[in-house]
Amino acid sequence: MAVKNFVVGLFDDEAVLFPAVKKVRTAGYKLHDVYTPFPIHGLDHAMGLRESSLHTAGFIYGITGTTTALSFMSWVFNVDWPLNIGGKPHFPLPAFIPITFELTVLFAAVGMVMTFCYLCQLMPGVKKHIFHPRQTDDKFVMVIELTEKTNAEEVKNFLKASGAHDIEEQQAEAGWWFGRFDKDDEPYLRKVKPVNA
């Protein structure tokens with residue numbers, strides 16, 4: 001993964017953060033992420049994030065569970081071990097409904113949890129950079145990625161004018177890596193002196 005430069009601004013209130021996110025997007029800066037202690041309605045839309053496709057994945061997993069259940073039971077009762085039980089049909093669909101329902105729910109639930117963990121990069125041993133120690137405690141943190149066309153001082157002044165404080169420039173891994181939070185395995189991390197707020 002690539003080590004990139006970021007400007008991090010701290011906000012005390014969501015009422016200040018929300019307009020600042022819109023201003024950052026309007027100004028054309030590359031918004032890396034916004035960390036909040038609780039969900040903020042409409043923030044994903046303000047950040048320009050597209051709607052999650054997790055519900056589509058859940059539907060596909062559910063159909064896979066339904067197909068698996070019906071196919072397996074049909075194969076067992078018609079091909080592998082056909083039994084004549086009182087002259088009843090080999091494909092008794094009403095009797096298959098409970099097992100089909102259970103496998104549909106099982107495949108959809110497990111598949112959606114695994115897809116969610118994959119999309120959010122949540123798994124044992126995966127570590128992401130923490131831009132501020134209070135980013136999910138009681139403060140709101142906005143992280144702007146610096147590109148070749150972006151001036152760091154200009155971004156810092158922009159964030160300060162938007163209501164941020166404790167503004168600092170950081171160099172960090174943009175993605176995730178395997179590691180532990182109780183050990184310092186970020187030798188590349190370099191913090192620059194904060195701008196006076």
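Two strands count as paired here if DSSP finds at least two bridges between them. With that in mind, welcome to this predicted model. Strand 1 (residues 3-11) and strand 5 clear that mark with seven bridges, pairing in the antiparallel sense.

**How the strands pair**

- Along the antiparallel pairing of strand 1 with strand 5, you can look for Val 7, whose bridge partner in strand 5 is Glu 169.
- Strand 1 also pairs with strand 4, again in the antiparallel sense, over six bridges. Here Leu 10 stands opposite Val 141 of strand 4.
- Strand 4 is joined to strand 2 as well, by five bridges, and these two run antiparallel. A handy pair to find is Asp 33, which stands opposite Val 143 in strand 4.

**Strands under cover**

- Strand 5 spans residues 165-173, and because seven of its nine residues are buried, the strand is largely enclosed by the rest of the structure.
- Strand 4 is mostly covered too, with six of its six residues buried.
- In a regular strand, side chains alternate between the two faces of the sheet. On strand 4, Phe 140, Met 142 and Ile 144 point one way, while Val 141, Val 143 and Glu 145 point the other way.

**The largest pocket**

- The largest pocket holds about 1,300 Å³ of space. It is lined by 35 residues, and the closest to its centre are Asp 33, Leu 49, Leu 119, Cys 120 and Lys 128.
- Two or more lining residues come from each of strand 2 (30-35), helix 2 (43-47), helix 4 (93-119) and strand 3 (126-128). Strand 2 gives the largest share, five residues.
- Sorted by class, the lining has 19 nonpolar, nine polar and seven charged residues.

Conventions. Residues numbered from 1 in each chain as written. Predicted model: local features only at pLDDT ≥ 70, side-chain atom pairs only at ≥ 80, totals over all residues. Heavy atoms only, no water. 1 Å grid on protein atoms, 1.4 Å probe; cavity = no way out; pocket = protein on both sides within 12 Å on 5 of 7 lines; lining within 4 Å. Points joined across faces, edges and corners; volume = space filled by probe spheres on them. Helix = DSSP H or I, 4+ residues; strand = E, 2+ residues; numbered from the N terminus. Nonpolar A, V, L, I, M, F, W, Y, C, P; charged D, E, K, R; others polar. Buried < 20%, exposed > 50% of the residue type's maximum accessible area, 1.4 Å probe, protein only.
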